[in-house]
Amino acid sequence: VVLQTRYIMKNAYEYFIYTTFSFFLKQKDGIPIGTTIIFISMFLWLNIATIFVVLMRLFPVLDKLFYIENYIIYIWVVGGLFMIGNYFIFYNKKKWDSYDEKYEKETTRERNRGRFFVLTYYILSPVLFYATVILLLNKN
């Protein structure tokens with residue numbers, strides 16, 4: 001079960017890279033690789049921030065450790081380090097080229113399902129983040 005879950009997560013991440021990179025490539029973005037890494041990193045960071053907000057709600061002691069004035073600093077510093085880390089950890093030209101070969105043979109049905117999954121993720125991530133922030137701000 002663990003290996004199967006790892007396989008699914010690996011394929012999902014590869015598909016996110018493929019779909020996002022293909023989108024920015026079609027938009028004639030000057031730096032599609034950089035834009036893809038920044039875009040995916042922003043959403044991964046948003047998910048981590050959502051988990052952090054939920055933990056702050058569940059464990060109020062965390063709120064005392066992180067003052068509201070410092071949130072912007074945490075977001076920029078940790079978010080920036082996260083993006084740089086993602087570049088060095090996940091970017092590999094040979095791997096990314098193999099994603100293109102792997103997914104370009106999808107059927108129209110598979111492509112539509114995959115794009116729906118990716119688009120749903122990109123829409124729900126900020127919605128869940130803002131919902132949890134509102135939850136945190138309305139502690140009473």
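Predicted model: local features only at pLDDT ≥ 70, side-chain atom pairs only at ≥ 80, totals over all residues.
Residues are numbered from 1 along each chain as its sequence is written, and side-chain values use heavy atoms, with hydrogens and water left out.

**Salt bridges**

I searched the whole structure for salt bridges (a side-chain nitrogen of Lys or Arg within 4 Å of a carboxyl oxygen of Asp or Glu) and recorded two. In one of them E14 pairs with K102, with the closest N and O atoms 2.9 Å apart. This pair links distant parts of the chain, since E14 lies in helix α1 (residues 2–26) and K102 in helix α5 (residues 93–103), 88 residues apart; helices here are DSSP runs of H or I with at least four residues, numbered from the N terminus. I found E14 buried at 6% relative accessibility, whereas K102 is partly exposed at 41%. R111 belongs to a salt bridge with E106, whose closest N and O atoms are 3.8 Å apart, and E106 is buried at 13%.

I placed T36 in helix α2 (residues 32–58) and read its relative accessible area as 0%, so T36 counts as buried. Setting aside neighbours within four places in sequence, I listed its contacts (heavy atoms within 4.5 Å) as I17, T20, F21, F24 and W96. S125 sits in helix α6 (residues 108–137) and is buried at 4%. Its side chain makes a polar contact with the side chain of N47 at 3.2 Å, the term meaning a pair of N or O atoms within 3.5 Å, one able to donate a hydrogen and the other to accept it, where residues adjacent in sequence count only if both atoms are side-chain atoms.

**Aromatic pairs**

I counted 16 aromatic pairs, with ring centres of Phe, Tyr or Trp (its six-membered ring) within 6.5 Å, and planes under 30 degrees apart taken as stacked, over 60 as edge-to-face and the rest as tilted. The rings of F16 and F117 have centres 5.5 Å apart and planes at 50°, so I noted the pair as tilted. F16 in helix α1 and F117 in helix α6 are 101 residues apart.

Definitions and conventions. Helix = DSSP H or I, 4+ residues; strand = E, 2+ residues; numbered from the N terminus. Buried < 20%, exposed > 50% of the residue type's maximum accessible area, 1.4 Å probe, protein only.
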